[in-house]
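Let's take a walk through a protein model together. Have a look at the picture, and then we'll go through some of its parts.

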Amino acid sequence: MSSSPAPDALLGPADVRELAAALGVRPTKQRGQNFVIDANTVRRIVRTAEVRPDDVVVEVGPGLGSLTLALLEAAEHVIAVEIDDVLAAALPATVAARMPERAGSFALVHSDAMHVAELPGPAPTALVANLPYNVAVPVLLHMLETFPTIERTLVMVQSEVADRLAAGPGSKVYGVPSVKANWYAEVKRAGAIGRNVFWPAPNVDSGLVALTRRTEPVRTTASKAEVFAVVDAAFAQRRKTLRAALAGWAGSAPAAEAALVAAGVSPQARGEALTVEEFARIAENKGAGAAGPVEHKEPRPQ
């Protein structure tokens with residue numbers, strides 16, 4: 001006899017509304033809550049994420065459990081991080097009722113994902129989440145930073161955010177999220193999601209973004225914080241040349257120019273033209289005007 005879940009284990013539109021009504025839950029804009037009501041969509045997300053039978057998946061913002069149940073069909077273990085008191089209290093019961101044979105493979109962390117520093121059980125190998133639009137980028141970066149064992153990530157975010165995360169140098173939407181995500185991973189768009197699979201239907205389109213962690217970290221002697229400081233400064237005034245935009249970071253425009261020249265980057269360039277490796281070289285060469293270019297060394301552990 002097969003131990004696979006029953007065909008109706010996943011949540012459909014009626015199930016989602018019934019669960020929400022029983023819990024007295026109204027999706028809130030404050031937390032960016034839009035619940036997925038289509039079983040085919042969550043199964044598609046799991047397929048696109050390439051979840052394997054031996055994966056330990058962390059999910060942020062599971063809500064009523066639509067994606068959680070689909071992940072439990074495919075992964076060895078699922079850890080859900082939920083900030084909402086009512087939803088966090090209800091989710092284990094939903095899993096136990098709809099997939100009793102998988103309840104032992106599920107763990108809940110009742111916390112703000114931005115403050116999660118450790119997770120129960122085995123280390124996560126994948127992150128799959130429908131991220132609230134208002135906190136998508138900081139949550140994604142925090143999880144990638146905090147849990148280096150996460151090799152593969154698939155997040156559903158607002159379509160514009162997906163474009164920014166996956167953008168390359170030279171794109172009009174290339175910016176801070178693009179560079180910082182690329183510090184950790186190779187990033188690409190992985191599909192679009194229509195509005196009608198959510199309740200309530202959002203007034204924006206959604207997109208899937210796939211991130212595969214770099215097998216080799218960015219080669220630099222600068223720390224992540226030092227590199228990110230250059231990125232933040234470069235895009236704070238993105239219309240300015242880097243010589244002008246990095247003046248505050250470097251201490252003066254001439255000091256910024258010296259760092260840029262030492263890094264092999266044109267002082268007249270703009271941030272949107274640079275790769276994460278070039279930002280790292282600039283960080284390495286802060287103060288180059290006084291001390292000369294920094295000799296490139298083997299990277300320190302990030």
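What follows is a short tour of a helix, a strand residue and some aromatic rings.

First, some ground rules: this is a predicted model, where local features need pLDDT of at least 70, side-chain atom pairs count only at pLDDT 80 or more, and totals for chains, interfaces and linings use all residues. Residues are numbered from 1 along each chain as its sequence is written, and side-chain values use heavy atoms, with hydrogens and water left out.

Let's start with helix α3, residues 66-74. Helices (H or I, at least four residues) and strands (E, at least two) are DSSP runs, numbered from the N terminus. In α3, 7 of the 9 residues are buried, so the helix is largely enclosed by the rest of the structure. Buried means under 20% relative accessible area, exposed over 50%, and partly exposed in between, using a 1.4 Å probe and protein chains only. Among the buried residues of α3 are Ser-66, Leu-67 and Thr-68.

How does α3 meet helix α4 (residues 85-98)? Their axes come within 11 Å and cross at roughly 50°. Axes here are lines fitted to C-alpha atoms, for helices over the stretch in contact, and angles run from 0 to 180 degrees between N-to-C directions. α3 and α4 are therefore oblique to each other; angles under 35 degrees count as roughly parallel, over 145 as roughly antiparallel, 65 to 115 as roughly perpendicular and the rest as oblique. Thr-68, Leu-69 and Leu-72 of α3 make the contact with Leu-91, Val-95 and Arg-98 of α4, where contact means heavy atoms within 4.5 Å.

Now hop over to Val-157, which sits in strand β6 (residues 152-158). Buried or exposed, what is Val-157? At 0% relative accessibility, Val-157 counts as buried. Leaving aside its neighbours within four places in sequence, Val-157 touches residues including Leu-131, Tyr-133 and Val-209.

Last stop: the rings. Rings of Phe, Tyr and Trp (its six-membered ring) pair if their centres lie within 6.5 Å; planes under 30 degrees apart count as stacked, over 60 as edge-to-face and the rest as tilted. By this rule the count comes to 5 aromatic pairs. In one of them, Phe-35 and Trp-199 have ring centres 6.3 Å apart and planes at 35°, so the pair is tilted. Phe-35 lies in strand β1 and Trp-199 in strand β8, so the pair ties together parts that are 164 residues apart in sequence. Both Phe-35 and Trp-199 are buried.
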